[in-house]
Amino acid sequence: MKLYEYMVKNILQNHGIPTPKGYVFSSPEGIEEFVVSIGPAVIKSQILSGGRGKAGGIKFADTPEEAVARAKELFASQLKGSKVNELLVEEKLKIDQEIYLALTIDRAHRQPVLIASKAGGMEIEQVPEELMIKRLIDVTVGVQPYTTREITRRLGVSGEVAEKLSDLLLKLYQIFVTYDAELVEINPLAISGFDVYAADGKMTLDDDASFRFRSDVPHVEEKTELEKKASALGIAYVDLEGEIGVMANGAGITMATLDLIKDQGMNARNFMDAGGGASRKTVAQAMEILLSTQPKSLLINIFGGITRCDEVAQAFIDVKNSMEINIPVVIRLVGTNEEAGIDILRANGIESFRNINDAVTAVVALTEKKGA
Ligand code: GDP
Ligand code: MN
């Protein structure tokens, strides 16, 4: 389960990690008065995806009036497919340096790993590997002062700032362990004069430990409206940000389909795993959900085992007869009742593919690239 930034900051603060002075608002009301009390402010959209800064979800305001204007814009906006329901309004720090800090699990080593970089901030994905400090943590020993001294030295900080950063790292590890986190990330950790502040915060908790989540952990609903609708039908559906709507029947084939699309330079708008043996009605409802997200094209990739190709073909025809589909649709069918499925489609003037590579090549060629 992911937590919103303001929730993470509450936790950090309760454990003695400094955060900028801030307050959460669910409407523009009260923002003006608050900004009068804090001065120049940062207005931060509370959504669960990262990269808000680049997507326009973080705004700065020098005056209370400006803050209200920016807040109204953000409340009215859609950010990375999510509605902005809450804004965190914070005092704007004077940042001298942005540090990246994270604790996560290194699956290959089966150990927590502390990651730090002096090149923190919004370009962290572009930072070369040699500027990322990685230190595996032995859980029987935990993070000790000698580890934090090593990290601060390698980050190039010294004196009072190094002491504060060391102390913060010890606390961060305590939080990582006691909250059953899979990830705790502070990016940026802002160095401002001799002070350090968590200017941003991310936490993902391990759902397998949800039975023992601490009582100060709020429940966060992570599913989008469509994901909820699909889950009510018993279908696994995930919203993504690319061009091509994808429907397949099984987790493995679905992932492979996404990879093949990516290989050819495009991305999926979403994916739906209709599972094995879904009925014609369910498959039709699933396709309607996919189409409602306005992908630039649709790829249906079926390897029929329990799933019958003729049922899927018929479901597609049902949908086609009940609504206007004005995007390219590419269908690949193999497996159980393949011939019957092909015949149903052909009787409706639709050619399908047997080979997945051919199908992906065809759909990519027919799809208008996003932003193009
Ligand atoms: P993200 O893009 O979702 O990771 O959002 P962040 O909270 O990290 O904000 C993006 C960027 O905005 C940060 O990397 C900072 O450069 C900048 N930023 C955020 N808060 C402050 C602040 O209080 N003062 C200043 N000067 N910059 C800030
Ligand atoms: Mn950030």
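These notebook entries record what I looked up in one predicted model.

**Conventions**

I number residues from 1 along each chain as its sequence is written, and I letter chains from A and number ligands from 1 in the order in which they are written. As the model is predicted, local features need pLDDT of at least 70, side-chain atom pairs count only at pLDDT 80 or more, and totals for chains, interfaces and linings use all residues, while side-chain values use heavy atoms, with hydrogens and water left out.

**Entry 1: the chain as a whole**

I began with the secondary structure and found 11 helices and 18 strands in the chain. Helices (H or I, at least four residues) and strands (E, at least two) are DSSP runs, numbered from the N terminus. I then took the extent of the C-alpha trace, which spans about 75 × 50 × 40 Å along its principal axes. Of the 372 residues, 49% count as buried. Buried means under 20% relative accessible area, exposed over 50%, and partly exposed in between, with a 1.4 Å probe and protein chains only.

**Entry 2: the surroundings of ligand 1**

I listed the residues near ligand 1, a residue being near if one of its heavy atoms lies within 4 Å. There are 17 of them, and the closest are Lys44, Arg52, Gly53, Leu93 and Glu98. Strands β3 (41-45), β4 (58-61) and β11 (181-192) each supply at least two residues of the shell.

Next I looked up backbone N or O atoms beside oxygen atoms of ligand 1. For glycine 53 the distance is 2.8 Å, for asparagine 187 it is 3.1 Å, and for glycine 51 it is 3.4 Å. Taken alone, ligand 1 exposes 560 Å², of which the protein buries 89%. These areas come from the Shrake-Rupley method with a 1.4 Å probe; for residues, only the protein chains shown count as cover.

**Entry 3: the manganese ion**

Which residues coordinate the manganese ion (ligand 2)? I found Asn187 (O) and Asp200 (OD), at 2.2 Å. Asparagine 187 lies in strand β11 and aspartate 200 in the loop between β12 (195-198) and β13 (202-205), so the pair ties together parts that are 13 residues apart in sequence. Donors are N, O and S atoms within 2.8 Å of the metal (3.2 Å for Na, K and Ca); water is not among the atoms, so sites may look incomplete. Asparagine 187 counts as buried at 10% relative accessibility, and aspartate 200 counts as buried at 13%.

**Entry 4: backbone geometry**

Most residues other than glycine have a negative phi, and most peptide bonds are trans. I therefore noted the departures from this pattern. The peptide bond from asparagine 187 to proline 188 is cis, with omega near 10°, and proline 188 is found in strand β11. Aspartate 180 has a positive phi, near 55°; this residue is found in the loop between α5 (159-178) and β11 and is buried, with a relative accessible area of 15%. Glutamine 294 also has a positive phi, near 50°. Its place is in the loop between α8 (280-292) and β17. Is glutamine 294 buried or exposed? At 69% relative accessibility, glutamine 294 counts as exposed.

**Entry 5: asparagine 301**

Asparagine 301 is found in strand β17 (residues 297-304) and counts as buried at 1% relative accessibility. I looked up its polar contacts, meaning pairs of N or O atoms within 3.5 Å; within protein, one must be able to donate a hydrogen and the other to accept it, and residues adjacent in sequence count only if both atoms are side-chain atoms. The side chain of asparagine 301 makes such a contact with the side chain of threonine 257 (2.9 Å) and another with that of arginine 332 (2.9 Å).

**Entry 6: aromatic pairs**

I found five aromatic pairs in the structure. The ring centres of tyrosine 4 and tyrosine 6 are 6.3 Å apart and their planes are at 15°, so the pair is stacked. Rings of Phe, Tyr and Trp (its six-membered ring) pair if their centres lie within 6.5 Å; planes under 30 degrees apart count as stacked, over 60 as edge-to-face and the rest as tilted. Tyrosine 4 and tyrosine 6 are both buried. Ring pairs also link Tyr23, Phe25 and Phe34 into a cluster.
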